[in-house]
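Dear colleague,

Please find below the sequence and structure that I am handing over to you. A summary of what was found follows directly after.

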Amino acid sequence: MKKSLSLLLVLLLSASLWAQSPQKMSYQAVIRNASNALVTNHSIGMRVSILQGSATGTEVYKETYNPNPQTNANGLVTLEIGSGLPISGTFSAINWANGPYFIKTETDPLGGTTYSIIGTSQLLSVPYALFAANGGGVTGATGATGSQGNTGAVGATGAQGNIGVTGAVGATGIGSIGATGPIGNLTNGTSIGQMLYWNGTSWVTINPGTENETLSFCGGIPTWGPCPSTLVLGGYSQGGIIFYIFQPADPGYVAGQIHGLIAAQNDQSTGALWGCSGTLISGADGTALGTGNQNTIDIVTGCSTSGIAAKLCSDLILNGYNDWYLPSKDELNKLYLNYSLVGIFTPTSYWSSTEYDATNAWYQGFPGGYQGSGGPKNSNSAVRAIRKF
């Protein structure tokens, strides 16, 4: 006989600060059994859905979690909606202004996928940053007198207004964001103004550059113009940023030579499939340093689906180099350990090129660092290409 279980839900909404609007919400639930006793210090299986319109409305997003959430000594489980493994939909694509929205939770207190506790409750509010990113704000999706803040996309003197006071960033906002934003002010078009960069703790001032200069990340710090070429960690060289230099114990180490791994400075995708779920790709199981390139070749050869993670890297031509590839499990971990040297990463999971079985591949969370083998190949994760030098 199936025992009934009761679930006390407490929903907390929060917004962690990134360079753009945060795309996650904190969620807490207290779990009790049929005897009203707390389910404490136990791994539980959970699946969360966002429904639009009503408690039985259209499902716009669904995710699960690996590893499983863990209750504490008080029976409280805490997780971040938007940072799990997506099953359907895209969390960042939810239009929070087009509510009402409801959150549906399915829980297996034994840690599996037999969800015996199901509950649905209305989201009575969402974090301001999420709402503003979809057109919310005090006076609307765009500023009162322009597409970005008070004085439009580029004001009369080049400065741009604050974000969030009179509305979200306008649809045409491509340039700098404003005096309080992560990039800064523009002048009358003769130079690039002072830039403020959020390093995770405080705002850092970057000196002005000249007109038409590109923004580069040099050792994890944004800089106007190209980075100086140097064969050191965090140095710009051969198309990207050096994030790892081979050591004598590493496979493929050559004595007397400086060689290692270089990362592209931007994501190739914030949500791409690994591809060909249900098909075991011969040879794409290398985990060690230096195996990601062959993994990528084998994946592209064995899986013809367009737009998959390995294909995005294999087709990449960046800064004159065309030998980019999807990192192996160990190469991806080195990239995580030194990601602050490279630049901005999407707060989500990233694909490796290492296959686990016919339906799953290895992935790693940024931030957090968790490596898991249970990433469904038909789910979306971010992609960052690397190359060897």
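Rings of Phe, Tyr and Trp (for Trp, the six-membered ring) are taken to pair if their centres lie within 6.5 Å; planes under 30 degrees apart count as stacked, over 60 as edge-to-face and the rest as tilted. The model is a predicted one, so local features need pLDDT of at least 70 and side-chain atom pairs count only at pLDDT 80 or more, while totals for chains, interfaces and linings use all residues. Residues are numbered from 1 along each chain as its sequence is written, and side-chain values use heavy atoms, with hydrogens and water left out.

Aromatic residues

By the ring rule, the count comes to 13 aromatic pairs. One of them is formed by Phe91 and Trp96, which are edge-to-face at 5.8 Å centre to centre with 65° between the planes. Both Phe91 and Trp96 are buried (buried means under 20% relative accessible area, exposed over 50%, and partly exposed in between, with a 1.4 Å probe and protein chains only). The pair Tyr339 and Phe345 is also edge-to-face, because the ring centres are 6.0 Å apart and the planes stand at 80°. Tyr339 is partly exposed, with a relative accessible area of 29%, whereas Phe345 counts as buried at 6% relative accessibility. Tyr339 and Phe345 belong to one aromatic cluster together with Tyr336, Tyr350 and Phe366.

The relative accessibility of Phe91 is 4%. Phe91 and Lys24 are 67 residues apart in sequence, yet their C-alpha atoms are 7.9 Å apart in space.

Sheets and strand pairing

Two strands pair if DSSP finds at least two bridges between them. An open sheet of 5 strands runs in the order S6-S4-S3-S7-S8, with antiparallel pairing. Strand S6 (85-88) and strand S8 (117-123) are the edge strands, each pairing on one side only. Within this sheet, strand S4 (residues 58-64) pairs with S6 in the antiparallel sense over 3 bridges, and Thr64 stands opposite Leu85 in S6.

A further open sheet, of 4 strands, has the order S15-S16-S17-S23, again with antiparallel pairing. Strand S15 (236-237) and strand S23 (386-388) each have a single partner strand, so one side of each is left without a neighbour in the sheet. Strand S17 (residues 260-263) and S23 are joined in the antiparallel sense over 3 bridges, with Ala263 opposite Ile386 in S23.

Strand S2 (residues 25-32) is mostly covered, 7 of its 8 residues being buried. S2 pairs with strand S5 (residues 76-81) in the antiparallel sense over 6 bridges, and Val77 in S5 is the bridge partner of Ala29.

The second largest pocket

On a 1 Å grid over the protein atoms alone, a pocket is an open set of points where a 1.4 Å probe fits, with protein on both sides within 12 Å along at least five of seven lines; lining residues have an atom within 4 Å of a point. The second largest pocket is lined by 23 residues, of which Asn66, Pro67, Ser83, Gly84 and Pro367 lie nearest its centre. The elements giving two or more residues to this lining are S5, strand S19 (348-355) and strand S20 (360-366).

Yours sincerely
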